[in-house]
Amino acid sequence: MTNAATFFQSFAIFDIEQRLVDWNSDFVEEFADAAPLLVKGLSARDIHAACLLPERALDLSWALNDAPPSAFEYINNRRSISVVQELSVNGSIFRIAQSTNAETQLHPGMPDQSAELLRSTALQISATVLKRRDQETLRLHDLALKDGLTGVANRRYFDELLDAEWKRCKQSQLPLSVIFIDIDFFKRYNDLYGHVSGDECLKSIASSLRATLNRPRDLVARYGGEEFTCLLPETDLCGARHKAGELELAVKALAIPNGKSKVAPIVTISLGVATAQHVTGDNPLALVRAADKLLYQAKSEGRGCFRSALFESLG
């Protein structure tokens with residue numbers, strides 16, 4: 001906050017979803033740290049998050065219970081702020097805050113210069129704590145969406161993104177393709193070389209698959225065990241087949257020995273490619289099952305290859 005808070009009566013209206021509808025200049029002064037962000041539709045939560053103020057200064061969660069809280073006071077830039085809130089019949093939230101003339105001292109015997117230094121230090125510490133909290137939240141979120149061994153996306157993230165891309169491609173009338181991948185004779189590889197080598201094999205293949213998908217929206221995920229999936233938005237069957245061929249060659253180029261393979265002396269993969277040329281319905285997992293069915297066909301016809309088809313023609 002700035003040291004020149006001069007607002008006398010702050011006024012703001014929020015809609016039923018707690019999004020900003022209208023406000024006056026004194027509201028801008030009250031929430032000065034969020035001033036650059038203030039636009040219609042901004043949530044109360046986002047406004048408060050930009051300011052180092054007590055939580056109740058802009059807590060509108062009470063509106064969910066249709067029970068406005070009693071008037072209360074809080075300290076803002078050494079001023080006591082009295083807040084009154086009301087709920088209209090259409091669900092709009094009215095918030096009025098008035099500041100008193102007297103400034104609140106941290107301690108009656110503390111010089112103003114010392115008080116300001118203490119307040120400045122406290123704000124810096126608070127900002128650092130908030131930044132570290134946000135960084136930790138992002139780190140945990142990132143870990144929750146990544147496979148711990150290979151570093152590519154996990155099944156949870158794949159399912160979330162599949163659902164989002166399905167809806168987007170459906171709305172925009174764009175094709176959507178899924179490639180289901182299985183490492184050939186991987187159990188035999190583990191039995192021969194050991195699980196440590198098996199883990200290294202998985203990491204190498206995951207890295208190779210990820211490097212081969214070079215468009216921003218493309219995604220490779222570890223689906224489970226030795227299975228991987230690739231999500232290819234805005235990709236028709238021809239493009240998906242081409243990408244499957246590239247993925248197959250990329251893994252062969254690693255030349256990882258596999259003395260127990262019946263396909264080749266090196267590690268190979270089998271792939272199933274399914275494309276929804278026209279996305280319809282509300283069941284994106286049906287596309288994954290179609291790709292899995294084609295993968296099974298590739299494995300039953302010799303492995304080390306891919307099989308593909310339009311999703312609509314699979315029945």
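Q: Which residue just after helix 5 takes a positive phi?
A: G194 does, at about 95°. Helices here are DSSP runs of H or I with at least four residues, strands are runs of E with at least two, and both are numbered from the N terminus. This is a predicted model, where local features need pLDDT of at least 70, side-chain atom pairs count only at pLDDT 80 or more, and totals for chains, interfaces and linings use all residues. Residues are numbered from 1 along each chain as its sequence is written, and side-chain values use heavy atoms, with hydrogens and water left out.

Q: OK, helix 5 itself. Which residues are buried there?
A: F186, Y189 and N190. Buried means under 20% relative accessible area, exposed means over 50%, and partly exposed is in between (1.4 Å probe, protein chains only).

Q: What covers the buried residues of helix 5?
A: The cover includes strand 6 and helix 6. Contact means heavy atoms within 4.5 Å.

Q: Switching to the core. Which residues touch the most other members?
A: I179, I181, I205, L209 and F228, in the largest nonpolar core of 27 residues. Such a core is a set of buried Ala, Val, Leu, Ile, Met, Phe, Trp, Tyr and Cys residues joined through side-chain atoms within 4.5 Å.

Q: Which elements supply at least two residues each?
A: Strand 6, helix 5 (186-193), helix 6 (195-212), strand 8, helix 7 (237-254) and strand 9.

Q: What does L209 touch?
A: I181, V220, F228, L247, V251 and I269, leaving aside residues up to four places away in sequence.

Q: How many bridges join strand 7 to strand 8?
A: Five, and the two strands run antiparallel. V220 stands opposite C230 in strand 8.

Q: Where does E301 lie?
A: In the loop between helix 8 and strand 10. E301 counts as partly exposed because its relative accessibility is 44%.

Q: What joins E301 and R307?
A: A polar contact of 2.6 Å between their side chains. That term covers a pair of N or O atoms within 3.5 Å; within protein, one must be able to donate a hydrogen and the other to accept it, and residues adjacent in sequence count only if both atoms are side-chain atoms.

Q: Last one, R95. Buried or exposed?
A: Buried, with a relative accessible area of 0%. R95 is in strand 5 (residues 93-103). Its side chain makes a polar contact of 2.8 Å with that of E30, and also reaches the backbone oxygen of A57 at 2.8 Å.

Key:
Two strands pair if DSSP finds at least two bridges between them.
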